[in-house]
Amino acid sequence: MPLSPSSSAQAAREVVAQRMRDLRKSAGLTVTELASRCNWHHAKTSRIENARTAPTATDIRLWCQACDVADQAEDLIAQSLHAESMYTEWRTQVRAGLKALQDSEPRLFQDTELFRVYSSTLVPGLLQTEGYAAGILAISARFRDVQLDDSAEAARARVDRSRIIHERGHRFVFVVEEDALRHQICGADEMAAQLGYLLTAGALPQVSLGIIPMAARERTQWPRETFHVYDDRLVSVELVSARVRITQPSEIGLYLKAFEQLRGDAVYGAEARTLILRAIEALH
């Protein structure tokens with residue numbers, strides 16, 4: 001696995017930084033000379049060129065003007081915005097409320113044929129009931145000090161989005177640690193309903209639900225961070241502070257390798273249902 005799930009985002013930033021450095025050098029400018037033309041300290045130029053500071057759109061326009069290539073500014077701005085979108089802090093994403101976050105990127109779901117989801121701590125979002133989702137989102141709203149706590153509306157929106165598992169043209173492979181069945185992040189009744197729904201959803205022909213037993217021996221992978229793979233083109237990783245979008249083929253390949261090994265550690269069918277039933281019994 002990558003040392004840091006944000007490395008793809010950093011690599012994208014470094015591509016932008018290298019391009020800006022090349023523009024400066026092609027214009028025959030030193031770091032100090034470019035800074036003078038842009039009316040900022042030369043240290044800022046160094047931070048941008050070393051990908052330690054993300055340039056704003058204004059920074060890029062001034063940079064391109066200083067290098068006499070103003071016509072390249074808009075393309076470079078778009079490239080920089082894409083790099084920054086790969087690593088998005090949750091505090092930025094939840095400004096408009098939690099419901100808006102559920103409604104984001106509808107095309108990503110519709111355009112994906114094969115969903116592969118690994119979750120070490122929670123029931124995956126696409127398999128959540130409204131009561132369970134409300135419990136998770138309420139915790140998130142409190143933790144992130146969301147000004148507008150619309151967790152109840154967000155839970156309904158999440159369930160609406162999850163109806164995609166019943167639509168034709170999509171396949172879903174879920175791998176869940178048994179621990180995720182035991183974390184009671186909502187009331188006992190809501191938890192029982194959630195676990196009961198897993199028995200139903202896991203039986204759908206387009207859904208594969210594997211559960212890695214807590215007592216599994218000789219695992220090929222230890223529990224990893226929760227991640228989603230959309231076909232073979234995008235991996236989304238959920239961190240405490242941010243969501244990371246990985247698009248580099250080499251890193252996607254590592255996540256796919258990890259997913260297949262985790263999938264091999266899981267049990268399915270009757271064995272998986274037994275683990276779910278045990279979790280239900282533990283609620284009483």
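Guide: Cys186 is buried, its relative accessible area being 14%, where buried means under 20%, exposed over 50% and partly exposed in between, for a 1.4 Å probe and protein chains only. The model is a predicted one, in which local features need pLDDT of at least 70 and side-chain atom pairs count only at pLDDT 80 or more, while totals for chains, interfaces and linings use all residues. Residues are numbered from 1 along each chain as its sequence is written, and side-chain values rest on heavy atoms, with hydrogens and water left out.

Cys38 is buried as well, with a relative accessible area of 6%. The cysteine sulfur closest to that of Cys38 belongs to Cys67 and lies 7.3 Å away, which is too far for a bond. If a disulfide is taken as a pair of cysteine sulfur atoms within 2.5 Å, the count comes to zero.

Cys38 also belongs to helix H2, which spans residues 31-38 and has Leu34, Ala35 and Cys38 as its buried residues. Because these cover an arc of only 100° around the axis, they sit on the same side of H2; the arc is that of the directions from the helix axis to the C-beta atoms, and helices are DSSP runs of H or I with at least four residues, numbered from the N terminus. The face of H2 turned away from that buried side carries Thr32, Ser36 and Arg37, which are exposed. After H2 comes Asn39, which has a positive phi near 65°.

Technical notes:
Helices (H or I, at least four residues) and strands (E, at least two) are DSSP runs, numbered from the N terminus.
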